[in-house]
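Subject: Structure handover and findings

Hello,

Here is the structure I said I would pass on.

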Amino acid sequence: DNFIKNAFFKGVIVQGYDFGRELFISLKLGSDIDRLLFLHSRIKSSFNNYLKKDYASSKEILDKTIEQTIFYILSNKNIGYTSKKDAYEIIMKLPEGKKIRKINGVELGKRINLFEELILSMIKGEILKGEGYADR
């Protein structure tokens with residue numbers, strides 16, 4: 001376990017997405033990591049559709065993933081909401097909401113990249129939180 005953690009924290013390149021995912025899962029960091037990895041896999045699906053020039057499917061997958069991420073963030077912060085609209089209004093008042101607003105303001109390919117960066121930073125935050133580091 002320590003070898004794997006050190007490899008990730010020190011920037012060792014792990015060849016292959018599936019292999020990297022298996023290493024993350026083996027860390028047993030909790031269901032939050034599993035949920036974030038699921039969201040990341042949805043981004044990859046959106047990107048694959050984008051590469052195949054199926055922009056409608058790509059956009060739909062990305063929009064639903066952003067929506068799921070909003071619900072994840074709010075429930076992770078123990079913030080209640082009564083509807084999708086309510087959740088969207090609440091998230092826009094948080095720092096993550098500013099990032100989501102920026103993501104929604106660009107073209108689809110850039111949206112996918114920016115949203116992937118957001119999810120990856122959330123994954124990194126969960127890993128570091130599991131190691132006792134404060135939120136950054």
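Confidence. This is a predicted model. The mean pLDDT of the protein is 82, and 72% of the residues score at least 70. Helix 4 (residues 55-76) has the highest confidence, at 95, while helix 2 (residues 17-26) has the lowest, with a mean of 58.

Helix 4 and helix 6. The axes of helix 4 and helix 6 (residues 95-104) come within 12 Å and cross at roughly 175°. Angles over 145 degrees count as roughly antiparallel, and this pair is therefore roughly antiparallel. From helix 4, the contact uses Ile-66, Ile-70 and Ile-73; from helix 6, it uses Glu-96, Ile-100, Ile-103 and Asn-104. By type, the residues of this contact are five nonpolar, one polar and one charged.

Helix 6 by face. Buried in helix 6 are Glu-96, Gly-97, Ile-100 and Ile-103. Viewed down the helix axis, these buried residues lie within an arc of 115°, so they line one face of helix 6. The face turned away from that buried side carries the exposed residues Pro-95, Lys-98 and Lys-102.

Helix 5. In helix 5 (residues 84-91), the buried residues are Ala-87, Ile-90 and Ile-91. They fall within an arc of 95° when seen down the axis, so they too line one face of their helix. The buried residues of helix 5 pack against helix 4 and helix 6.

Glu-116. Leaving aside neighbours within four places in sequence, Glu-116 is in contact with His-40, Ile-43 and Lys-44.

Positive phi. Most residues other than glycine have a negative phi. Two residues to look at here are Lys-53 and Asn-78. Lys-53, not a glycine, has a positive phi of about 65°. Lys-53 is in the loop between helix 3 (31-51) and helix 4, and it is exposed, with a relative accessible area of 62%. Asn-78, also not a glycine, has a positive phi of about 55°. Asn-78 is in the loop between helix 4 and helix 5 and counts as exposed at 71% relative accessibility.

Regards

Key:
Residues are numbered from 1 along each chain as its sequence is written. This is a predicted model: local features need pLDDT of at least 70, side-chain atom pairs count only at pLDDT 80 or more; totals for chains, interfaces and linings use all residues. Side-chain values use heavy atoms; hydrogens and water are left out. pLDDT is the predictor's confidence in each residue, from 0 to 100. Helices (H or I, at least four residues) and strands (E, at least two) are DSSP runs, numbered from the N terminus. Contact means heavy atoms within 4.5 Å. Axes are lines fitted to C-alpha atoms, for helices over the stretch in contact, and angles run from 0 to 180 degrees between N-to-C directions. Angles under 35 degrees count as roughly parallel, over 145 as roughly antiparallel, 65 to 115 as roughly perpendicular and the rest as oblique. Ala, Val, Leu, Ile, Met, Phe, Trp, Tyr, Cys and Pro count as nonpolar, Asp, Glu, Lys and Arg as charged, and the others, Gly among them, as polar. Buried means under 20% relative accessible area, exposed over 50%, partly exposed in between (1.4 Å probe, protein chains only). The arc is that of the directions from the helix axis to the C-beta atoms.
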